Amino acid sequence: MTPQVYQADERVREDIGKAAVMCGSVVYCAEEADNGKNLHLYKLIPEEKMEQDIMQIGEQFFPIFYAKAKNKKTESQMECFMSDIRQQNMKIRN
């Protein structure tokens, strides 16, 4: 399946400029624990294709995505890790 990016409804002030990434019925999130501090300053680059991978934890397999993101203030770019895994302190790529 191909991940889809959905823009938040701009009628909700707190959500202006935010988006959700979905693949099928699963919503993926990017968290500071995986991507570093100040994640809120980054915005996905929609022209860039997301990279899909599979991560194994124990005997379970989880789909994950990497997407390019740009810092809104400094214009620097990073590769953003997104998953639907609900575990703390997981670092995948540096």
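Here is a short chat about strands and a few residues.

Guide: First, the ground rules: this is a predicted model, where local features need pLDDT of at least 70, side-chain atom pairs count only at pLDDT 80 or more, and totals for chains, interfaces and linings use all residues. Residues are numbered from 1 along each chain as its sequence is written, and side-chain values use heavy atoms, with hydrogens and water left out.

Visitor: What is the order of the open sheet of three strands?
Guide: Strands here are DSSP runs of E, at least two residues, numbered from the N terminus, and helices are runs of H or I, at least four. Two strands pair if DSSP finds at least two bridges between them. The edge strands, each pairing on one side only, are β1 (4-7) and β3 (26-28). With antiparallel pairing, the order is β1-β2-β3.

Visitor: Which residue in β3 does Cys23 stand opposite?
Guide: Strand β2 covers residues 19-23 and runs antiparallel to β3, with three bridges joining them. Opposite Cys23 stands Val26.

Visitor: Is Asn35 buried or exposed?
Guide: Asn35 sits in helix α1 (residues 32-35). Buried means under 20% relative accessible area, exposed over 50%, partly exposed in between (1.4 Å probe, protein chains only). Asn35 has 14% relative accessibility, so it counts as buried.

Visitor: What is the phi of Glu75?
Guide: Glu75 lies in the loop between β6 (60-71) and β7 (77-83). At 47% relative accessibility, Glu75 counts as partly exposed. Glu75 is a residue other than glycine, yet its phi is positive, near 70°.
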